[in-house]
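Please open the structure in your viewer and keep the selection tool at hand.

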Amino acid sequence: MTKRITTIKEMQEITTTLKLKGNTIGFVPTMGALHDGHLTLLRRAKSENDISVASVFVNPLQFGPDEDYEDYPRQIEIDEQLLIDNGIDYLFYPSAEEMYPTVPMTIHVGEMASVLEGAKRPGHFDGVVMVVNKLFNIVQPDRAYFGKKDAQQLAIIEAMVKLFNHNLEVIGIDIVRENDGLAKSSRNVYLTEDERLEAVALFESLKEANKAFQNGERNAEKLQSIVINYLIEHTKGKIDEVAVYAYPELKPVDTITGQVFISIAVKYSKARLIDNIILKDERND
Ligand SMILES: Nc1ncnc2c1ncn2[C@@H]1O[C@H](COP(=O)(O)OP(=O)(O)OP(=O)(O)O)[C@@H](O)[C@H]1O
Ligand SMILES: CC(C)(CO)[C@@H](O)C(=O)[O-]
Ligand code: BAL
């Protein structure tokens, strides 16, 4: 049975005791509204560790003033039942008041947050790094699981773990998709019926670019155009970002040599959707 823990002190005491007894801890931080994407991460955490912990915390620090903090889907009872059904040991569900009694200092991510999602959402990754640091100190995981859907987040967390000397392994998990290819997201519920049908264009556009890449196209601008043209033809959603960047370095590229990712964001009436694909040039390996 999943145990719900709501205070930092209790969570920290539990994990400290478990670790002293030699248990390994697998941790999945989330903002709740759990779906198959989260559950895939959680199943990995459960299968690879003695103890599995999920956190559900809608982190105010990572939302901009015009973003959907208030409207972000919250459904803790349903989430808890999903954790029970999946045999997860602990649900950490802290309050914002306890997590941020005062905010006497901030963490500034800097360069890695100055591009892509970070540039579109100023301060977002500062908030993510703050909360994930806190969660790591509280839960003390041996392994922490993050989705590649948030590829920039994953790269920043990996850099943060090195910089802050967290003694844990970060594990990136492939994007989990609906049958038609749409990346699972808590925000998909905000799509209208028509938008939901059109939203398959995000992944389809990435597949078009991948096809060209597999056929030898190494010009980043050309791959970017393939994605943009596909999106323009197949969805009325507003293109917010299409970029080809070295991964995990997060630097723009002209000609692709190593590993890159194509990152896209499309705005619909009530939801901004993101997706990406990681492409690797194996020829120079
Ligand atoms: N479709 C997915 N496939 C793999 N991992 C995912 C997927 N969706 C979310 N995750 C991962 O789950 C963790 C928690 O994500 P989060 O709670 O923000 O969910 P979300 O559905 O991505 O929400 P939203 O898209 O609305 O921001 C993150 O590491 C995220 O990358
Ligand atoms: C990692 C995270 C749970 C931190 O709030 C959030 O950014 C998310 O859900 O990806
Ligand atoms: N998965 C990213 C969380 C956010 O959109 O704030």
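The model is predicted: local features need pLDDT of at least 70, side-chain atom pairs count only at pLDDT 80 or more, and totals for chains, interfaces and linings use all residues. Residues are numbered from 1 along each chain as its sequence is written, while chains are lettered from A and ligands numbered from 1 in the order in which they are written.

**The parallel sheet**

Select the strands in the order β1-β4-β3-β2-β5-β6; these 6 strands form an open sheet with parallel pairing. Helices (H or I, at least four residues) and strands (E, at least two) are DSSP runs, numbered from the N terminus, and two strands pair if DSSP finds at least two bridges between them. β1 (3-5) and β6 (169-173) each have a single partner strand, so one side of each edge strand is left without a neighbour in the sheet. From one strand to the next, the twist averages 25°; axes are lines fitted to C-alpha atoms, for helices over the stretch in contact, and angles run from 0 to 180 degrees between N-to-C directions.

Next, highlight I5 and its bridge partner in β4, F92. β1 and β4 (residues 90-92) run parallel and are joined by 3 bridges.

Now display helix α2 (residues 36-48), which lies across β2 (25-30), β3 (51-56), β5 (143-147) and β6, at about 165° to β2. Helix α6 (residues 124-139) also packs on the sheet: it touches β2, β3, β4 and β5, and its direction makes about 150° with that of β2. Contact here requires C-beta atoms, placed from the backbone, within 7 Å.

**A residue in α3**

Select L83, found in helix α3 (residues 76-85). L83 counts as buried because it has 26 C-beta neighbours inside 10 Å; the cut-offs are 20 or more other C-beta atoms within 10 Å for buried, 12 or fewer for exposed, and partly exposed in between, with C-beta atoms placed from the backbone. Leaving aside neighbours within four places in sequence, L83 is in contact with T2, A54, I88 and L91.

**The two ligands**

Centre on ligand 1. Which residues are closest to it? They are G37, G147, K184, S185 and S186, among 17 residues that surround ligand 1; a residue is near a molecule if its C-beta atom, placed from the backbone, lies within 6 Å of it. α2 gives the most to this shell, with 3 residues.

**Helix α7**

Select α7 (residues 151-163) and show A151, Q152, Q153, A155, I156, I157 and M160, which are buried. The cover over these buried residues includes α5 (116-120), α6, β5, β6, β9 (259-267) and β10 (272-280). After α7 comes N165, with a positive phi near 55°.

**The antiparallel sheet**

Finally, select β8-β7-β9-β10, an open sheet of 4 strands with antiparallel pairing. β8 (251-252) and β10 stand at the edges with a single partner strand each, so one side of each is left without a neighbour in the sheet. Helix α9 (residues 200-214) packs on this sheet, touching β9 and β10, and its direction makes about 15° with that of β10. Helix α10 (residues 220-234) lies across β7 and β9, running at about 155° to β7.

Notes: Contact = placed C-beta atoms within 7 Å.
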